[in-house]
Structure formats: structure tokens, C-alpha cells
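Biologist: Please bring up the model, and then we can go through it by question and answer.

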Amino acid sequence: MADIQTLTAPTLADVYAARARIGHVIRPTPLMHHPLLALETGLTIAVKHENHNPTGAFKVRGGLNLIASLTPEERRGVITATTGNHGQSIALACQRERVPCTIVTPIGNNPEKNAAMRAFGAELIEFGRDFDEARERVEQLQHERGLRYVHSANEPLLIAGVATYALEIFDEQPDVDVVLVPIGGGSGACGCGIVRSGLGSRAKVIGVQAENADAFTRSWRGPERVTRSTADTFAEGMATRVTFDLTFGILRQELDDVVTLTEAELAEGVRLALRTTHNLAEGAGAAPLMAALKLRDRLAGKRVVCVMSGGNIDRATLARVLNDPAA
């Protein structure tokens, strides 16, 4: 990762360049209208199905863009921390580009995401109680092993890559009024904001977070950035205790609002996605649908797009969510 002081936010031109770079691997994902979802929410609503990507999540776009752009020296090997979707993105891209890949995940991480990363050829190290402790371990190992540290948020090439899904949204539905997008590290929401502003759209970008991992929400709304002591949510795609310099700076400018969901609401979001779209969504991926339901009075009469960011929920979590309405 470059020194944070040297990082600049990607531009719309960078997003178009990323689309050209990854277009041979990534096909546009569906933007679908689901009658049952429209009926239940009472909204004019569509879902951007990033769960239909290779690796089952939007992150793959960023990994492909960044790894394809590595210098010969950086191709000696990369290291990153993840709870799963970012790591799968980097692992797949490294496999395609024949770059050695080391990934650190928290102990007890989603076992199916771990298995997928290993299947892409990554060396997996389990360390720490959560994403942030795994990330701190990576920051030690990068120096010991001389590897290119790929941060999950402070990477302009990652943000430009994931922003290609926003290009697809605005290409297909230029009159969209509101885009609801989950926020963990914030790269996906950054991408929506950069493309929205670059294209001159008046659409609002609203972030969605877990109430139990709301460091970004509290920081964005408050006078200073905060760090939580825990990020206790089953929606691992949003489970971070901190904010990140590059994405936070972009979202200070680009985000219009943010809403938080309880664990019960996140679980209902997974059930809502299954019931009304017949798609399996992980907690973060289903969160925008639940947020749309929660905000339905405010969103009435608007054209809404929900970003289903990923579908990589593990079987144990899915069983708990489906079998316990209070989950």
C-alpha cells in the first residue's frame, strides 16, 4: 500500500479505465425488478445483483483491477487481511495473474469463505479476534516477508474497480433517485458516489451499516472519527471497528446519509431477500433491501436501487437466521 498521504481518490476516468481492464473477466451483473420486493416495500425498487459475480461479491472487481496493475517488483507476492469477500477477490486475481498470495483472516472466520480462498491458491493464516486484529497482523508480516500489502480500503485501484458496478447502474437506470449500499470499509459506497458525481446525477447515495459495527456512522455524523471496541455482527462484510483514511475522506464528500440496522433487522433482510428475490444474500448483501423497507415512507415515489453486494453466507449462519425469527 502506498503512503496514505500520497493517495488520491480515483476519478470517473479511472473507473472507465478499470472497466476496460477487467471487462474480459467481469460481465455486467443484472439490475432486476422483483415484483414481490416491490409489493412488500411499496417502492419502485430494483436490485443490483453483485452476488452474481465470480466469487459471489462485488469485491472481485477491485481485486482484478489492482492485481492487474501491479509492478514487476510487487508481483513477487501480496498480503491482505479479510473476512472473506475482499480476500476471495485478491486470491482469484492473484491466481489469474500468477502472483503469490497470503491472506490473514480472523480466527473463527466464515469457513466457506476460507475454503474458497484456499481453493484459489492463497496461503491462509488465521489470527486475531476480528478483522482489525487480522489487519494489524498483516501490517507486521508485510515487512517480515517483503510483500505488497493490499489494504481493503486505502487503495485507489480497488475503489476504481468496484466502482464499475456503479457505472452499470447509471448506464442502465440513469434516472435512479436513491442508491442504497452497505458500508464496511466503504469502497463500494465510494464507487457509487464517485460515479454519481462524475456523471452529474442528482441521485442520493445512502450507506447501510450494522448497528453493532457503526464506527463509520458515528464518525460520519459526529465531529471526529471514532473507534469501537467491538464489531459484533454476523454481517462480516460490515464488521470493522474503525474507519479508513481514503474511503472516509471520499465519503465525507460523497455520501448523502447513512442508516444502521440491528442484528434482528439484518437477519430479516436475509429472509426478505430469499422471500422476495429468491436470492441467497449474506448479511451485508441483504442490508440495503432491509434498509429500503425501513425507510419506505421516506423513499416513497422515488426510484430506488439496492446493491446486493454479496451472497457468501455460511450454512450455520443461514440455518440460524432461517430457523430463529428472533435472530
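**Leucine 36 and the overall fold**

Modeller: This is a predicted model. Setting aside neighbours within four places in sequence, leucine 36 has contacts with Arg275 and Thr276.

Biologist: Which helix holds leucine 36?

Modeller: The elements of the protein comprise 15 helices and 10 strands. Leucine 36 falls within residues 35-41, and that run is helix H2.

Biologist: Is leucine 36 buried, exposed or partly exposed?

Modeller: Buried requires under 20% relative accessible area and exposed requires over 50%. Leucine 36 has 43% relative accessibility, so the class is partly exposed.

Biologist: How far apart are the C-alpha atoms of leucine 36 and alanine 319?

Modeller: Along the chain, leucine 36 and alanine 319 are 283 residues apart.

Biologist: What radius of gyration does the protein have, against that of a compact globule?

Modeller: The C-alpha trace spans about 55 × 45 × 40 Å along the principal axes. For 327 residues, a compact globule would have a radius of gyration near 20 Å. The protein agrees with this, its radius of gyration being 18 Å.

Biologist: What share of the contacts with a separation of 6 or more comes from residues 24 or more positions apart?

Modeller: A contact here means heavy atoms within 4.5 Å. Of the contacts with a separation of 6 or more, the share from residues 24 or more positions apart is 73%.

Biologist: How far apart are the mean positions of the positive and negative charges?

Modeller: The protein has 35 positive and 38 negative charges. The distance between their mean positions is 3 Å.

Methods:
Residues numbered from 1 in each chain as written. Predicted model: local features only at pLDDT ≥ 70, side-chain atom pairs only at ≥ 80, totals over all residues. Heavy atoms only, no water. Helix = DSSP H or I, 4+ residues; strand = E, 2+ residues; numbered from the N terminus. Rg over C-alpha atoms; globule rule 2.2 N^0.38 Å. Lys, Arg positive; Asp, Glu negative; His and termini not counted. Charge placed at Lys NZ, Arg CZ, Asp CG, Glu CD. Buried < 20%, exposed > 50% of the residue type's maximum accessible area, 1.4 Å probe, protein only.
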